[in-house]
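Here's a quick tour for anyone meeting this protein for the first time.

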Amino acid sequence: MTSRFALLLTACLLASCTTVATKKRPPYRPPTAAAAKKPKAMSGMTTGKTPEQIQSETLTLPEAPKTEDALEYLKGLVTQSVQAPNKQDQETYRLHAIDIVENKLNEDQLEDVAKNSDFGYLRAHAMYRLGEMALDRKDISTAKKYFSGVTDYMPGSDLAVRSQDILQQLEASKNVQTQTVGVVLPLSGKNAPVGQRALRGLEMGLGLHIPGSSFKLAVMDSEGNPDSARRGVERLVKEDNVIAIVGSLLSKTAPAVAAKSDELGVPTVALSQRSGLTEIGPTVFRNSLTSGMQVRALVRTAMEDMGMKKFAILYPNDPYGIEFTNIFWDEVLARGGQITAVQTYSTKETDFRLVIQRLVGTYFGEARQDEFSVRLKELQHSDKKRSVRQSNLETVLPPVTDFDAIFIPDSVKAMGQISAMLSYNDVRNVKLLGTNLWNTKDVARRAGNFANNLLFVDSISPTAQTRSRFMNEYKSLYNEEPSLIEIQAYDAGLILRQLIASGASSREELTQKLTSLKRFPGALGTLSMNAEREIERPVTPLTVEKGEVIPTKLVK
């Protein structure tokens with residue numbers, strides 16, 4: 001129970017850092033007396049406040065009326081921002097009023113402020129906020145009306161400049177080159193090789209390697225930077241008038257690409273595994289073999305096809321290991337299975353002896369003291385010759401293996417080190433379960449004694465490779481086998497190419513066709529869009545036989 005709690009706590013902390021979401025603005029609450037006090041300071045610096053929130057020594061904000069009428073309170077702030085005795089106090093009142101308009105009012109209140117001349121400069125801020133709300137609803141005409149109102153009411157102001165920039169983007173978004181697709185990838189820096197591989201696949205998917213292709217690919221380098229990725233999306237829309245955008249690969253830049261594309265009403269197909277991407281907006285789609293897809297296929301095969309019921313989990317304490325572990329745990333429980341043992345380890349771990357002993361219950365000998373004493377006595381009176389290792393007190397207790405398989409969401413290298421230590425600790429007759437990281441040529445060598453007891457999943461399988469026209473065509477062009485990165489990029493390009501060719505001439509039409517995508521023939525099998533706008537990819541259970549990776553032979 002303690003391990004489960006610790007694991008879930010870690011996962012929650014991780015999710016709070018990575019989940020993509022949009023906070024709702026809180027309802028207006030008049031400031032309390034405590035809120036009007038000057039914040040405490042140390043060494044000349046105020047704590048916990050931005051400069052625009054800092055008040056003068058003598059300033060006291062007007063008391064909110066008992067009716068909690070935010071608009072009446074705002075009128076008082078507007079008056080004080082003009083009539084206060086000094087410029088510092090005037091500025092404090094002004095900034096406080098702006099903060100309320102931008103963060104505390106509902107849409108009806110904002111409408112009242114925008115229409116009423118009593119609110120002076122706040123009218124422009126209300127219009128800008130109303131424009132943002134209209135954009136969130138994809139109500140472009142209403143958004144343009146409000147942003148135009150800002151430029152008319154406060155020309156030359158910073159707010160007007162920002163409004164004008166949005167208006168230009170909205171105007172550019174109307175112009176669409178139907179057969180121009182944009183892409184944002186890391187094409188420089190340490191991730192450039194991965195970006196280049198994805199670019200190859202996308203080009204083939206759009207048919208650019210075929211002479212006379214009518215499609216065009218507009219390319220932007222994200223440089224692995226979210227700001228560069230956002231600017232890249234803006235340029236693709238304003239300058240290249242793309243109908244859709246593919247990208248990004250990296251978890252760091254993918255939310256930026258998705259959010260900016262959705263803001264501009266451009267459908268985007270992400271290639272990243274970053275969780276929560278499609279929650280950003282209705283124009284965001286994803287084509288990637290996600291952790292959820294892998295775990296669902298793995299657990300289904302283990303429990304339904306192989307009859308396993310009990311599982312142990314041995315996972316690295318990193319984002320990948322934690323995410324896969326939590327999904328695996330939930331999936332097993334949802335199918336009526338049990339998690340009987342859980343053990344984590346450092347990503348820097350190289351000696352898994354103690355890790356394995358903790359997993360199988362031989363590390364804490366005092367918990368099995370009676371059993372330990374009996375077995376030690378038996379060993380001491382045994383006439384059989386024993387090796388040095390068998391005479392070691394650490395090996396007196398047999399391992400507790402009350403599970404059918406151990407899930408190890410880590411690299412094939414780590415799995416190899418773990419399998420060697422499992423053998424050393426006399427762990428036998430259990431399966432090792434893994435992810436597509438194990439789908440390598442040296443997996444059998446790494447697995448050692450467990451080579452014939454592996455189960456892992458991937459989209460790429462030997463059968464798919466021999467049957468795929470894309471795989472053969474790619475190898476003939478580049479003289480190497482494509483990885484899943486190229487395959488997913490190819491599928492994204494092929495989907496867009498065929499949907500556009502079949503009549504999707506606007507971004508709205510393309511978005512609708514992507515949403516209803518069913519049984520599309522991809523490079524490795526059929527692809528379908530699910531309710532979360534995730535493309536469900538084919539996932540094959542794999543194992544090793546005679547040193548070769550093969551699809552698992554399931555006995556029904």
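Predicted model: local features only at pLDDT ≥ 70, side-chain atom pairs only at ≥ 80, totals over all residues.

Residues are numbered from 1 along each chain as its sequence is written, and side-chain values use heavy atoms, with hydrogens and water left out.

**The big picture**

- The protein has 21 helices and 17 strands; these are DSSP runs numbered from the N terminus, with helices being H or I of at least four residues and strands being E of at least two.
- Of the 556 residues in the protein, 48% are buried, where buried means under 20% relative accessible area, exposed means over 50% and partly exposed is in between (1.4 Å probe, protein chains only).
- Take the contacts between residues at least 6 apart in sequence: 64% of them join residues at least 24 apart. Contact here means heavy atoms within 4.5 Å.

- Helix α20 covers residues 484-501, which is 18 residues. From first C-alpha to last it reaches 25 Å, close to the 26 Å expected at 1.5 Å a residue; the expected span is 1.5 Å times one less than the number of residues.
- α20 is mostly covered, with 14 of its 18 residues buried.
- After α20 comes Gly-503, with a positive phi near 120 degrees.
- The axes of α20 and helix α21 (residues 507-515) come within 10 Å and cross at roughly 120 degrees. Axes are lines fitted to C-alpha atoms, for helices over the stretch in contact, and angles run from 0 to 180 degrees between N-to-C directions.
- α20 and α21 are therefore oblique to each other. The cut-offs are under 35 degrees for roughly parallel, over 145 for roughly antiparallel and 65 to 115 for roughly perpendicular, with the rest oblique.
- The crossing of α20 and α21 is right-handed; a crossing is right-handed if the near helix is turned clockwise from the far one by less than a right angle, and left-handed if anticlockwise.
- On the α20 side, Ile-495, Leu-496, Leu-499 and Ile-500 meet Leu-510, Lys-513 and Leu-514 of α21.
- That α20 and α21 contact has six nonpolar, no polar and one charged residues. Ala, Val, Leu, Ile, Met, Phe, Trp, Tyr, Cys and Pro count as nonpolar, Asp, Glu, Lys and Arg as charged, and the others, Gly among them, as polar.

- Pro-226, Ala-229, Arg-230, Val-233 and Glu-234 of α9 meet Ala-256, Val-257, Lys-260 and Ser-261 of α10. By class, the α9 and α10 contact splits into five nonpolar, one polar and three charged residues.
- Helices α11 (residues 291-305) and α12 (residues 319-334) have axes that come within 9 Å and cross at roughly 40 degrees, which makes α11 oblique to α12.
- The α11 and α12 crossing is right-handed, and its contact has eight nonpolar, three polar and three charged residues.

**Helix α16**

- Helix α16 (residues 412-424) has 13 residues and reaches 18 Å from first C-alpha to last, close to the 18 Å expected.
- Its buried residues include Val-412, Ala-414, Met-415 and Leu-422.
- Just past α16, Asp-426 has a positive phi of about 60 degrees.

- Ala-124 sits in helix α5 (residues 122-136) and is buried, at 0% relative accessible area.
- Leaving aside neighbours within four places in sequence, Ala-124 is in contact with Val-150, Tyr-153, Met-154 and Leu-159. Ala-124 and Val-150 are 26 residues apart in sequence but 5.0 Å apart in space, C-alpha to C-alpha.
- Gly-205 belongs to helix α8 (residues 192-205) and counts as buried, with 0% relative accessibility.
- Not counting residues up to four places away in sequence, Gly-205 touches Tyr-490, Gly-493, Leu-494 and Arg-497.
- Gly-205 and Ala-523 are 318 residues apart along the chain, and their C-alpha atoms are separated by 9.5 Å.
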